[in-house]
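Work through the exercises below with the sequence and the model at hand. Each task is followed by a stepwise solution.

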Amino acid sequence: MNNFVINKYLITEFLKSFLNVVLVFCCLGLILNLFEEINYFKNYDVGIMLPLTLSFMFIPSIVINMLPFILFLSSMWVFIKLKNNRDLLSLKVFGWSNANFIILFSFTAVFIALVTLFAFNPVTSIVVKYYEDIKGKYDLDKSHLASINNNGIWIREKNNENINIIKSQSLEGDLLINVSIYQFHGNNILKSRIEASQINISNNPWLIQSGFKIDFENENKREDFQNLEFNSTFSKEKLNSVYSNLDTISFYNLITNMDKLISRGYNPKLLIEKKHFYLSLPFFLVLMVCLAGIFSLNSNDKKQNTYYLLLSIVICVVIFYFKNFSTALGTTERIPLLISVWSPIAILSLFCLVGVMQINEK
């Protein structure tokens, strides 16, 4: 019963610290993102409520991406708080060691990671998708739009005096698969229709392969072809940019619909990298707890708390950028993708293992 009460007290203090740090990050993120949204809508008469609403919608995805850093600061906060009010010393009298505190908070961190991945992340992915849909309606370049949904890929573009409506089943590498192209005059009169099995969009003009064209201006004349060039304002890079925000895809969707997402045109490397980012999240959070414990429990001198706090923040930022750099090497195929994602975890694990063994003796 005593252990239950102690565990409940420590976990409660940890969660309070975590929620406080999350609140601080939400406030900072809201302020910074609000300026960006106001700048985006400066040419529209939308008032302040729309930028403010969009800022609130974008904050949850920021929290998830910054969760390791948030948990690190939370752990530092609770360790220093317990040390300053003598709770650590009192519990050590009853047989607790530094490793006991780290283990208890590590299990709490795993719980936070699981709740984030399976409860919070599906909601935030929907909110981010809705966020992008709202901003897309105010795109300054209305004549050139692309959208991906359950019905495939849709492109609307204005090319000279014509308006092209392009529908494709999927994007596979450089190829749009099962494509329909409708060309309209500027006065919305249907000019022609092109049906093709695939279109190579690696270069401009596009190369349309194995299809037919119906010319509605020439008595609905049909012409079959094997290869046909088509001028477009869209490139492969521009179309791939539509898939760039993987925060719109939840962890559950990634692990259950990976093949479907790839068939719709998402970059397989980026999907795999995002999936392993989510899979590594529980391990990364545990390591952040260990790292916080190593710095905060290394000394009982209150005067050194500020020094260790500043030093640990600097090291945590270095870890954050090292992890991003390693991931970038993987996505550019400089090193294997799985190694790029998990090598920072492995290196940090060795450091934390040695550090926890040292502070457990104190």
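Buried means under 20% relative accessible area, exposed over 50%, and partly exposed in between, with a 1.4 Å probe and protein chains only. The model is predicted: local features need pLDDT of at least 70, side-chain atom pairs count only at pLDDT 80 or more, and totals for chains, interfaces and linings use all residues. Residues are numbered from 1 along each chain as its sequence is written, and side-chain values use heavy atoms, with hydrogens and water left out.

**Exercise 1.** Classify Leu-114 by its relative accessibility.

Step 1. Apply the cut-offs: its relative accessibility is 41%, so Leu-114 counts as partly exposed.

**Exercise 2.** Determine how the rings of Phe-79 and Phe-105 are arranged.

Step 1. Rings of Phe, Tyr and Trp (its six-membered ring) pair if their centres lie within 6.5 Å; planes under 30 degrees apart are stacked, over 60 edge-to-face, and the rest tilted.
Step 2. The two ring centres are 5.3 Å apart and the planes meet at 65°, so Phe-79 and Phe-105 form an edge-to-face pair.
Step 3. Phe-79 belongs to helix α3 (residues 67–84) and Phe-105 to helix α5, so the pair ties together parts 26 residues apart in sequence.
Step 4. Both Phe-79 and Phe-105 are buried.

**Exercise 3.** Do likewise for Trp-96 and Phe-101.

Step 1. With centres 5.2 Å apart and planes at 35°, the pair is tilted.
Step 2. Trp-96 has 13% relative accessibility and therefore counts as buried; Phe-101, at 0%, is also buried.

Notes. Helix = DSSP H or I, 4+ residues; strand = E, 2+ residues; numbered from the N terminus.
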